[in-house]
Amino acid sequence: LDRAGAAGLRAIVRPGPHANAELTRFGFPERLFRVPAILARNARDTAALLPVPPRAFACPSYASETFQAEVAIWYRAVAAVLVPRLAPAGPVIAVQVDNEMSYFFRTALYDLDYSEGALAEYRAFVRARRSTEGEIEPPRRFDATTPEGLPRHLEWAEFKEMHLAGSLRRLRRR
């Protein structure tokens, strides 16, 4: 960044947490994927994998408090480098929060995220919208056979949209 500034260049910085940039594991440290509380879960309740060369890796859950704590540590370290180099005095004109946030390209409605944190957020989302009795479980496949069965599927789709937007807002606040 200092060399870019000295050369009169400007920089858009993409520190992640999901940096991609064709990096192995999209720039996430390998140690994160050894922490079960960080992993996104699929509808079969197994760790969600992203099959990207050189080898598949697990997807983190942005609803994981453990993951968010790791991101906060990373962002504090990055901020210490970026803040003194922000425009107009420095070359950094923008910082991109995350990269291509879309459940790691696993965008099928019933694919992700069924992690503990995401399910807790979903249940809170449903309770805020309507009064409900008993356990609240998201659909894990399309099983509506009547028009009355559709609302829970539409609610899950709406939650997933809101979850992505909320995750970006949360990263921005870090």
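Phe28, Tyr62, Phe67 and Phe104 touch the most other members of the largest nonpolar core, which has 21 residues. A nonpolar core is a set of buried Ala, Val, Leu, Ile, Met, Phe, Trp, Tyr and Cys residues joined through side-chain atoms within 4.5 Å. Buried means under 20% relative accessible area, with exposed over 50% and partly exposed in between (1.4 Å probe, protein chains only). The model is predicted: local features need pLDDT of at least 70 and side-chain atom pairs count only at pLDDT 80 or more, while totals for chains, interfaces and linings use all residues. Residues are numbered from 1 along each chain as its sequence is written, and side-chain values use heavy atoms, with hydrogens and water left out.

- Another core, of 10 residues, lies apart from it and includes Leu119, Tyr122, Val126 and Trp156.
- Leaving aside neighbours within four places in sequence, Tyr62 is in contact (heavy atoms within 4.5 Å) with residues including Phe28, Phe67, Phe104, His163 and Leu171.

**Cavity**

- The structure holds one cavity of 30 Å³ or more. A cavity is a set of points, on a 1 Å grid over the protein atoms alone, where a 1.4 Å probe fits but cannot get out; lining residues have an atom within 4 Å of a point.
- The largest cavity has a volume of about 110 Å³, and of its 15 lining residues Pro60, Tyr62, Tyr103, Phe104 and Leu164 are the closest to its centre.

**His153**

- His153 lies in helix H4 (residues 150-173) and counts as buried because its relative accessibility is 3%.
- The side chains of His153 and Tyr110 are joined by a polar contact of 2.7 Å. A polar contact is a pair of N or O atoms within 3.5 Å; within protein, one must be able to donate a hydrogen and the other to accept it, and residues adjacent in sequence count only if both atoms are side-chain atoms.

**Asn42**

- Asn42 lies in the loop between strand S1 (11-16) and strand S2 (49-50), and counts as buried because its relative accessibility is 3%.
- The side chain of Asn42 makes a polar contact of 2.9 Å with the side chain of Thr46.
- A polar atom of the Asn42 side chain lies 2.9 Å from the backbone nitrogen of Arg44.

Terms used. Helices (H or I, at least four residues) and strands (E, at least two) are DSSP runs, numbered from the N terminus. On a 1 Å grid over the protein atoms alone, a cavity is a set of points where a 1.4 Å probe fits but cannot get out, and a pocket is an open set with protein on both sides within 12 Å along at least five of seven lines; lining residues have an atom within 4 Å of a point. Grid points are joined across faces, edges and corners, and a volume is the space filled by probe spheres set on the points.
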